[in-house]
Amino acid sequence: MEVNKQCRNYITQTIFLVVFLNILGNIAMRQWGLELAGAMAVSMIFVLVVDIAAILVWRWVVKKHKEMLPSFFTGVSGFRFFGALLMMTVWYLAIERESIMTFIAVFFVYYIASVIHHSIFFSKVSNRV
């Protein structure tokens with residue numbers, strides 16, 4: 001298995017996932033007249049940063065410390081979860097109170113899509129490592 005190729009695949013899939021979610025968000029904005037642009041932008045940046053950081057760390061772990069892969073997966077889950085809590089807290093403090101539920105709903109969709117993508121990708125890749 002070529003690790004660098006898997007990293008490129010993961011990053012490409014993450015970008016396609018975010019683009020797909022943005023398209024769905026734009027359709028929802030037009031269809032129902034919702035204002036989701038800010039929440040979508042923050043959610044997109046969060047997913048891209050966390051997923052790209054995770055795959056780069058995964059590459060380093062696979063190449064240098066393969067025995068630490070189980071700890072890596074636990075760490076990524078915790079990092080993503082606490083990052084999401086921090087992001088929602090900062091957004092709560094930064095925006096109007098009535099807009100927070102819209103943000104949480106949009107952020108939740110991006111977060112869950114990212115977790116599902118991560119789980120499926122690494123379940124397939126881990127069997128080959």
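Predicted model: local features only at pLDDT ≥ 70, side-chain atom pairs only at ≥ 80, totals over all residues.
Let's start with a term: a residue is called buried when its relative accessible area is under 20%, exposed when that area is over 50%, and partly exposed in between, using a 1.4 Å probe and protein chains only. Residues are numbered from 1 along each chain as its sequence is written, and side-chain values use heavy atoms, with hydrogens and water left out.

Now the overall layout. The chain has 4 helices and 0 strands, where helices (H or I, at least four residues) and strands (E, at least two) are DSSP runs numbered from the N terminus. Reading along the sequence gives the pattern α-α-α-α. The C-alpha trace spans about 50 × 25 × 15 Å along its principal axes. As for contacts (heavy atoms within 4.5 Å), take those with a separation of 6 or more: residues 24 or more positions apart account for 75% of them.

How do the helices sit against each other? Begin with helix H1 (residues 3–32) and helix H2 (residues 37–64), which pack at an angle of about 170 degrees with their axes 10 Å apart. That makes H1 roughly antiparallel to H2. A word on the geometry: axes are lines fitted to C-alpha atoms, for helices over the stretch in contact, and angles run from 0 to 180 degrees between N-to-C directions. Angles under 35 degrees count as roughly parallel, over 145 as roughly antiparallel, 65 to 115 as roughly perpendicular, and the rest as oblique. By class, the contact of H1 with H2 has 16 nonpolar, 6 polar and 3 charged residues. The classes work like this: Ala, Val, Leu, Ile, Met, Phe, Trp, Tyr, Cys and Pro are nonpolar, Asp, Glu, Lys and Arg are charged, and the others, Gly among them, are polar.

H1 also meets helix H4 (residues 100–128): their axes come within 11 Å and cross at roughly 155 degrees. So H1 is roughly antiparallel to H4 as well. This crossing is right-handed; the convention is that a crossing is left-handed if the near helix is turned anticlockwise from the far one by less than a right angle, and right-handed if clockwise. On the H1 side the contact includes Gln6, Tyr10, Leu17 and Asn22, and on the H4 side Val109, Tyr110, His117 and Phe121 are among the residues involved. Sorted by class, the contact of H1 with H4 has 10 nonpolar, 8 polar and 1 charged residues.

Asn22 of helix H1 deserves a look of its own. With a relative accessible area of 15%, Asn22 is buried. Leaving aside neighbours within four places in sequence, Asn22 is in contact with Met40, Met44 and Tyr110.

Next comes helix H3 (residues 69–94), which packs with H4 at an angle of about 170 degrees, their axes 11 Å apart. H3 and H4 are therefore roughly antiparallel to each other. Phe73, Arg80, Ala84 and Met87 are among the H3 residues in this contact, with Phe103, Phe107, Tyr111 and Ser114 among those from H4. Here the residues divide into 15 nonpolar, 3 polar and 1 charged.

Two residues of helix H2 are worth a stop. Ser43 lies in H2 and counts as buried at 0% relative accessibility. Setting aside residues up to four places away in sequence, Phe46 touches Arg80, Gly83, Ala84, Met87, Phe107 and Tyr111.

Searching the whole structure finds 12 aromatic pairs, where rings of Phe, Tyr and Trp (its six-membered ring) pair if their centres lie within 6.5 Å, and planes under 30 degrees apart count as stacked, over 60 as edge-to-face and the rest as tilted. The rings of Phe107 and Tyr111 have their centres 6.5 Å apart and their planes at 25 degrees, so the pair is stacked. Both residues lie in H4, 4 residues apart, about one turn of the helix, and both are buried. Elsewhere, ring pairs link Tyr10, Trp58, Phe72, Phe73, Phe121 and Phe122 into a cluster.
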